[in-house]
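Please read it with the sequence and the model side by side.

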Protein chains: 2
Amino acid sequence: MSLLTVGSVAFDAIETPFGKTDKIIGGAGTYIGLAASFYKNDQKIVSVVGEDFPKEMLESLEKRGIDLQGLQIKEGEKTFFWSGRYHNDMNSRDTLVTELNVLESFDPIIPDSYQGVDYLMLGNLSPQVQGLVIDRLVERPKLIAMDTMNFWMDIALEPLKETIAKVDILIINDEEARQLSGEYSLVKASKIIRAMGPKYLIIKKGEHGALLFHGDKVFFAPALPLEDVFDPTGAGDTFAGGFMGYLASTGDTSFDNMKRAMIHGSALASFCVEKFGTERLAAITKEDLDARIEEFVGLANFDMEYVID
Amino acid sequence: MSLLTVGSVAFDAIETPFGKTDKIIGGAGTYIGLAASFYKNDQKIVSVVGEDFPKEMLESLEKRGIDLQGLQIKEGEKTFFWSGRYHNDMNSRDTLVTELNVLESFDPIIPDSYQGVDYLMLGNLSPQVQGLVIDRLVERPKLIAMDTMNFWMDIALEPLKETIAKVDILIINDEEARQLSGEYSLVKASKIIRAMGPKYLIIKKGEHGALLFHGDKVFFAPALPLEDVFDPTGAGDTFAGGFMGYLASTGDTSFDNMKRAMIHGSALASFCVEKFGTERLAAITKEDLDARIEEFVGLANFDMEYVID
């Protein structure tokens, strides 16, 4: 199937208890695209970078089968830059620098060749831009998933709710679900948020795994227990990319297949955090991914069929 | 099989954001015994209460098939009393009152009829008392599991390590595992703690589920996402009781069967937190438990067998 990702392609500078990086390649669109490239799809991206963005990085995305027609390169402008520092527990971070640059006036132009796309993944961007993408697709995609963050809940709640009402799957973390719903209990939060429109809600809990809610069903995908979480940057986007990449490649949106997609996303995210930025994700093979998925099977599956009385 | 539980039978007074109780029945031994009584075993308890402990409560434990020969009733003395207040997130609590009373001079006398017991569950007590029980059993049980808490790590680390060295399974929570090992990563912590003696380590993470480590294997049992956690008191003991009760009833200590035991423990714990104290646990039937285990199957299991290429 075809999968369109809309999301930032950016520079990050990251500090963790394990060290710090110079400007490295990051951005939601990059992580989603990389993760989704492990699955056979006709993959496209809508994004924007400045003239400072390295051409060889764009070529490496193209080599992974990502159609970059919708990636705008703004002459005379600079790429979006984010810098952050993680605390010792790796569960919280401070933003040190945010330079919007090309994102400030980002107009998500959809190339004609992108029309008719089957699956749409809206990475974290302003809800207005996310909504515009949906509106500009002449035919509604079969499945639309959307990420967002607390920042937009603080400054653009109404536009955010308008966009949320248009998507099938909302993918947010536990704190965002609590803020958006006003409920501490994630079960209660999931009902309130799904009443806003999305039939499916994924709540990411970082090292504590991720929940998928739909109707009366709940599925829980664990996170793989790791010796070290080296850098959590991009783990959520990688999860989303693996989830949508797998779904699109199978063309099957049944709940049972979404369970598999959750495990694929979790497996890719478990690689992502093992090194800085996209380094680990860019280095692994399909065989590495398959082996890790087997680890998830051992970690989470059990067979209750055992007769006692 | 036969299962011996050693643990407090006590009074608790609990405050949560949902309300507060007068003195109600609690104690690790009570929760473990109640939970284990859902499985067919020859169940015994070693514990101590004062003359203020209600006879009808002891009778209700007996009616559940628990042999109380090893439960001492101290004339002229008072039962152990604990009072605590949970914070809004239910993940942390303050102890308001601890009156050791009969526990202060508790000598865990093993009735002759208890000798030869197959499974031993040591609820949280001083490591000296826990160690004494092991020493007083003429024949080592097939499987010994032990709970403890940070309090004993603070004031009795060396005796604690001596007792830990004698058991097969240590069952503690994430913060206790971090304190005992000095490692934040639970994977690293599990290696250090298992090097102290226990071949198996269970790390309970409250609403985030529980991990079982053994050799190179890890299993993760999720917690059931609940609308409300009403009162977490006793959930960890209930988990341990369900885990050991199921294991003993099957007589099978394979890793695959321990996975099932983890799910049984988690299912019983999910009931425990739905009302104050032992109220919910005392009211459910085997059918309720079976239905909840089916919920865990839906929550956690997935089938990756789906051919794509």
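## A buried threonine

With 27 C-beta neighbours inside 10 Å, A:T163 counts as buried, a residue being buried if 20 or more other C-beta atoms, placed from the backbone, lie within 10 Å of its own, exposed if 12 or fewer, and partly exposed in between. The model is a predicted one, in which local features need pLDDT of at least 70 and side-chain atom pairs count only at pLDDT 80 or more, while totals for chains, interfaces and linings use all residues. Residues are numbered from 1 along each chain as its sequence is written, and chains are lettered from A and ligands numbered from 1 in the order in which they are written.

A:T163 sits in helix α5 of chain A, where helices (H or I, at least four residues) and strands (E, at least two) are DSSP runs numbered from the N terminus. Leaving aside residues up to four places away in sequence, A:T163 touches A:P127, A:Q130, A:G131 and A:M146, contact meaning that the C-beta atoms, placed from the backbone, lie within 7 Å.

## Two helices of chain A

Helix α3 (residues 127-136) of chain A and helix α5 (residues 157-164) of chain A have axes that come within 8 Å and cross at roughly 30°; axes are lines fitted to C-alpha atoms, for helices over the stretch in contact, and angles run from 0 to 180 degrees between N-to-C directions. That makes α3(A) roughly parallel to α5(A), as angles under 35 degrees count as roughly parallel, over 145 as roughly antiparallel, 65 to 115 as roughly perpendicular and the rest as oblique.

In this pairing, A:P127, A:Q128, A:Q130 and A:G131 of α3(A) meet A:P159, A:L160, A:E162 and A:T163 of α5(A). By class, the contact of α3(A) with α5(A) has 3 nonpolar, 4 polar and 1 charged residues, with Ala, Val, Leu, Ile, Met, Phe, Trp, Tyr, Cys and Pro counted as nonpolar, Asp, Glu, Lys and Arg as charged, and the others, Gly among them, as polar.

## Where the chains meet

In chain B, 31 residues are in contact with 31 residues of chain A. The largest share of the side of chain B that touches chain A, 5 residues, comes from α11(B), and the residues of that side divide into 18 nonpolar, 7 polar and 6 charged. Because 100% of the interface residues of chain B are also interface residues in chain A, the copies meet through the same surface.

Definitions and conventions:
Two residues are in contact if their C-beta atoms, placed from the backbone, lie within 7 Å.
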